[in-house]
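Hello,

Here is the structure I promised to pass on. Please have a look at it first, and then read my notes below.

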Amino acid sequence: MGTIGYIRLKKDQSIDEATTEAFNQHDVDQIVSGDDPLSVVQSMADGQTLVVNSLSDFSCGLNSLLLVLAAISERHIKLISIHEPWLDLDPKKYQWHKLFQGLAQFNSRILSERTKIALAKKRDSGCKLGRPQGSKVISDQSLRQGLQLYREHAMSVREICEKLHLNVRSFYRYIKEQQAIG
């Protein structure tokens, strides 16, 4: 029975020394890479051990991960993840509560990583992120007009904000700032 190491590599990427060393610590006999971890699992003999660098290498989403884990369970394969030490699935003593707790963490981490990557791409392409700011000149004029109406007691705050298209909370904040100034 051999131990197989699996890693998903991007184009023009090779296995780094740290990963190779980690695989060696787990007595990996053969390192396999590719896009389809399910086919790797299906090619393994019952009772073998599969060492993965990370679940994110092993699967790009929760659904595909569950399919692979089902195949691992059917074949009584021991699964070890280097970056998720909580994941040491021995077919003789599967601890499903730990698995599902870890899967929730995995899913959260994957979503976070994808969001950060997408935001970085947007930033790199020159897109401004965050809440769009209104026109400073227009909003300053509107706030000053609103303050004048407020001081004249001509309208209620809500009416002023509706007429001038201002946010009520922003207008109250502006009134408070102006009262503090003078």
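**What I found**

The protein chain exposes about 12400 Å², and carbon and sulfur atoms supply 50% of that area (accessible areas come from the Shrake-Rupley method with a 1.4 Å probe, and for residues only the protein chains shown count as cover). Before the details, please note that this is a predicted model, in which local features need pLDDT of at least 70 and side-chain atom pairs count only at pLDDT 80 or more, while totals for chains, interfaces and linings use all residues. Residues are numbered from 1 along each chain as its sequence is written, and side-chain values use heavy atoms, with hydrogens and water left out.

The overall fold comes next. The chain has eight helices and five strands (DSSP runs numbered from the N terminus, helices being H or I with at least four residues and strands E with at least two). Along the sequence their pattern reads β-α-β-α-β-α-α-β-β-α-α-α-α. Of the 182 residues, 32% are buried (buried means under 20% relative accessible area, exposed over 50%, and partly exposed in between, with a 1.4 Å probe and protein chains only). Among contacts (heavy atoms within 4.5 Å) between residues at least 6 apart in sequence, 64% join residues at least 24 apart.

Now for the aromatic rings. Searching the whole structure turns up one aromatic pair (rings of Phe, Tyr and Trp, the last by its six-membered ring, pair if their centres lie within 6.5 Å; planes under 30 degrees apart count as stacked, over 60 as edge-to-face and the rest as tilted). The partners are tyrosine 150 and phenylalanine 171, edge-to-face, with 6.3 Å centre to centre and 85° between the planes. Tyrosine 150 belongs to helix H6 (residues 136-151) and phenylalanine 171 to helix H8 (residues 168-181), so the pair ties together parts 21 residues apart in sequence. Tyrosine 150 is partly exposed at 28% relative accessible area, whereas phenylalanine 171 is buried at 0%.

How many disulfides are there by this rule (a pair of cysteine sulfur atoms within 2.5 Å)? The count is zero. Cysteine 127 is partly exposed, with a relative accessible area of 35%, and cysteine 161 is buried, at 3%.

Glycine 34 is partly exposed, at 27% relative accessibility. Leaving aside neighbours within four places in sequence, glycine 34 contacts Tyr6, Ile7 and Arg8.

Best wishes

Methods
Disulfide = S-S within 2.5 Å.
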